[in-house]
Amino acid sequence: MMYIDNILFAIILIVGIGFFTKNVIKLKRNINLGHDVNRNDNPSARWANMAMIALGQSKMVKKPIAGFLHIIVYAGFIIINLEVLEIIIDGLFGTHRVFSVLGGFYTFLIGSFEILAVLVLVAVIIFWIRRNVIRLKRFASSDLKGAPKKDADTILYFEIVLMSLFLIMNGFDLQFQSMNSGNIISRFLTPSSEIFSLVQVEMIERIAWWIHIIGILVFLNYLYYSKHLHILLAFPNTYFADLNPKGQFDNLESVTKEVKLMMDPNADPFAAQPVDENAVPHKFGASDVQDLNWVQLLNAYTCTECGRCTSACPANITGKKLSPRKIMMDTRDRLEEVGKNIDANKGVFVPDNKSLLNDYITPEELWACTSCNACVEECPVNISPLSIIMDMRRYLVMEQSAAPQSLNAMMTNIENNGAPWQYNQQDRLNWKNE
């Protein structure tokens, strides 16, 4: 009977980590539904990006208040959860405060953790006020209603509960510690011996300890279903981000080959090309998530839904329907739908007569984009909504010939006149004489 707590703890830990591993496998499977793209070039620049942007939060602090609060939560949550290692050891082996043998250093750590816990609580409460009381414009738009808003609030409540349990656990454990000078904050939560007996104090401390570790495991597994998946994915996302200058678009290899063939005076454009019967039929652009590349799908899962992209989007500012944040959320929602389809059909996707284009993202949204890269510049984790928009535009133009009339007229003029205007090539410089 003396080992029943340790066995129960081991079971809970295995179940929690097991579900998390299952979600990670599913996440990797869904991201790999995208086609391949090479992002292994210039590793030194990629490591620097990850260190500065994901670890150093360099783009987050462009908005000083939100950036400072986010750094507190980020640093506090990472550092405080180092004590999870102690909880795991204690839970598995029946020890209590196993790291207390570190003496003064342990006292320093406990004190630091508690100060950070209070700072995290303050920051999270301010975040909640900004979302639910002040209602900042970028958090009050239509694409954050319903489940996204509940998700954001749920995470804040999670953090409040976990930090509070951490302080309660330390405060009620104070009477059982031989070294307690590190409990800078929780000493004020230490129960009076006139109100609580030692048995009651120990019981409350144990309850807080169990709920704290179970809460951490629940939080870990909730990440997959939450916008806070960026806690894990911000690092690979910034590493694999596009290093090309903003505004430089990639060329379709098939189109490049065709242009080179047209420009080669020795090539026979009518010669039969070899056909690979096993090749997947080529599609220009993207109409669904499987047509995007894996980095774009990683982007979708990494989106923090902070709205910085949308608040900087000139199309959105002028009242257009486009919201870069919604583009990323829609891509993630469709990808999840495709993943559930695969799960339900034993690993095979069964066509469901739906697609990212039209069912989630409308052409009106796509054509509202000015391709200015403001959304890419603003994103704190290097997401590129523009790359998805441009691939879907390519599909509309090259597969469906569904470009707006003004754009069709411009392309026709370029084809016929060598200029976007409707007059002869010989007259294209006449404007300078006017």
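Arg97 counts as buried because its relative accessibility is 9%, where buried means under 20% relative accessible area, exposed over 50% and partly exposed in between (1.4 Å probe, protein chains only). This is a predicted model, in which local features need pLDDT of at least 70, side-chain atom pairs count only at pLDDT 80 or more, and totals for chains, interfaces and linings use all residues. Residues are numbered from 1 along each chain as its sequence is written, and side-chain values use heavy atoms, with hydrogens and water left out.

Arg97 sits in the loop between helix H4 (83-93) and helix H5 (104-132); helices (H or I, at least four residues) are DSSP runs numbered from the N terminus. The side chains of Arg97 and Tyr106 are joined by a polar contact of 3.2 Å. Such a contact is a pair of N or O atoms within 3.5 Å; within protein, one must be able to donate a hydrogen and the other to accept it, and residues adjacent in sequence count only if both atoms are side-chain atoms.

Most residues other than glycine have a negative phi. Arg97 has a positive phi, near 55°, and Glu305 also has a positive value, near 60°. Glu305 lies in the loop between H10 and helix H11 (308-312). Glu305 counts as buried because its relative accessibility is 2%.

Helix H10 (residues 294-302) packs against helix H8 (residues 230-239) at an angle of about 150°, with the axes 9 Å apart. Axes here are lines fitted to C-alpha atoms over the stretch in contact, and angles run from 0 to 180 degrees between N-to-C directions. From H8, His230, Leu233, Ala234, Pro236 and Asn237 meet Leu298, Asn299, Tyr301 and Thr302 of H10, contact meaning heavy atoms within 4.5 Å. The residues of this contact comprise five nonpolar, four polar and no charged.

Tyr301 also belongs to the largest nonpolar core, a group of 81 residues in which Met163, Tyr301 and Leu322 touch the most other members. A nonpolar core is a set of buried Ala, Val, Leu, Ile, Met, Phe, Trp, Tyr and Cys residues joined through side-chain atoms within 4.5 Å. Helix H6 (residues 147-173) gives the most to this core, nine residues.

Definitions and conventions. Helix = DSSP H or I, 4+ residues; strand = E, 2+ residues; numbered from the N terminus. Nonpolar A, V, L, I, M, F, W, Y, C, P; charged D, E, K, R; others polar.
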